[in-house]
Amino acid sequence: MTAPLKNADPITVNVGLGERAYDIVIGRNVLPSLGARIAALRPGARTAIVTDKTVAKHWLKATEESLAAAGIPTSHIAVEEGEGSKSYAGLETVSEALVAARIERNDLVIALGGGVVGDLAGFAASILRRGVDFVQVPTSLLAQVDSSVGGKTGINSPQGKNLIGAFHQPVLVVADTAVLDTLSPRQFRAGYAEVAKYGVLGDAAFFNWLEANHADIVRGGSAREHAIATSCRAKAGVVSRDERENGERALLNLGHTFGHALEAVTGFSDRLYHGEGVSIGMVLAAEFSAQLGMIAVDDAARVERHLIDAGLPTRLRDIAGFTQEGLADADRLMALMAQDKKVKRGKLTFILLEAIGQAVIANDVDPATVRDFLHRKLTA
């Protein structure tokens with residue numbers, strides 16, 4: 001798990017879901033193979049590409065050329081970049097465009113973009129004609145290691161993150177690591193939070209390796225492909241065992257209960273990228289675990305130190321406009337967390353840590369304890 005891959009070696013990770021199993025193809029410059037892979041997977045299918053306007057400038061032409069070379073007809077719809085497109089209005093726009101493109105049940109929707117596009121396009125595909133297959137072509141680090149794998153699709157509600165959606169697995173994921181070269185440093189760092197998450201929650205050896213190699217991941221060395229493949233293997237294993245998050249898969253939400261509330265309170269805006277919210281959320285989860293006596297204080301500090309070394313925010317005060325607009329309100333954050341998807345019969349579910357590499361699901365956390373913890377962090 002810790003021997004680096006060579007940049008020249010594409011790797012295939014299989015998500016084992018029986019008849020719905022699919023491959024994740026990871027490697028530098030694998031995007032040109034997309035058309036041939038789709039032609040082999042769905043002979044005669046037509047396609048429609050859903051992307052955002054920023055990604056379209058960089059990668060739409062190459063994607064269309066790959067499909068054309070394989071004789072695959074295609075059309076495209078480009079939405080605005082950012083979480084604002086993961087809305088009811090965005091879903092309507094994409095769905096109507098797919099209907100107008102005459103995408104039928106035997107055709108394919110292609111999600112070309114980051115997590116927003118993948119979630120939006122996947123959800124639109126899940127409800128179009130009561131279900132059309134789709135392909136993920138993730139163009140952000142976050143999407144390549146997390147959101148493109150596992151079949152979670154959806155949009156945001158004004159009341160919370162990803163509250164409207166469906167499980168709808170892709171039939172193929174093509175993760176070209178060369179496309180990450182066009183990301184801004186901030187976007188790349190935000191994605192790295194999800195890479196670190198896999199080490200923190202279930203693989204201490206991987207976390208150790210990340211501490212030593214995160215700079216090479218940023219530079220685009222061989223460590224980048226290895227980090228992505230290791231993350232995908234970890235997620236594929238969890239998804240194959242617990243597709244619909246009835247148990248183990250909840251562990252993948254480490255940092256997300258806190259992080260999603262912070263995203264909501266900042267209006268799902270570029271004040272706080274998803275990965276940045278996860279980074280702060282992981283630190284809060286680690287510190288709360290330490291407060292409960294579950295993890296050593298030094299280990300909680302080690303998690304934060306690594307995220308800081310990777311250039312990520314780790315504190316509430318790191319959020320733009322933190323002291324304005326009522327963010328510093330523990331009750332408001334608690335209300336947002338009460339809408340979290342993991343709430344069961346009104347009880348919050350937290351993912352906490354017993355050690356680096358050992359996350360646990362906690363269903364019996366006292367809300368008053370959480371509120372007091374948040375209040376102290378907000379007023380520090």
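**Salt bridges and a buried threonine**

The side chain of T349 makes a polar contact with that of N363, at 3.1 Å; a polar contact here is a pair of N or O atoms within 3.5 Å, where, within protein, one must be able to donate a hydrogen and the other to accept it, and residues adjacent in sequence count only if both atoms are side-chain atoms. T349 itself sits in the loop between α12 (330–337) and β10 (350–355), with helices (H or I, at least four residues) and strands (E, at least two) taken as DSSP runs and numbered from the N terminus.

The model is a predicted one, so local features need pLDDT of at least 70 and side-chain atom pairs count only at pLDDT 80 or more, while totals for chains, interfaces and linings use all residues. Residues are numbered from 1 along each chain as its sequence is written, and side-chain values use heavy atoms, with hydrogens and water left out.

Turning to charged pairs, a salt bridge is a side-chain nitrogen of Lys or Arg within 4 Å of a carboxyl oxygen of Asp or Glu. Counted that way, there are 22 salt bridges. One of them links E194 to K197, with the closest N and O atoms 2.8 Å apart. Both residues belong to helix α6 (residues 185–202) and are 3 residues apart, about one turn of the helix. This pair is tucked away from solvent: E194 is buried, with a relative accessible area of 0%, and K197 also counts as buried, at 1%.

E304 lies in helix α11 (residues 297–309) and R315 in the loop between α11 and α12, so the pair ties together parts that are 11 residues apart in sequence. E304 counts as buried at 12% relative accessibility, whereas R315 is partly exposed at 22%. Elsewhere, salt bridges with shared partners join D146, E194, K197 and K235 into one network.

How values were computed:
Buried < 20%, exposed > 50% of the residue type's maximum accessible area, 1.4 Å probe, protein only.
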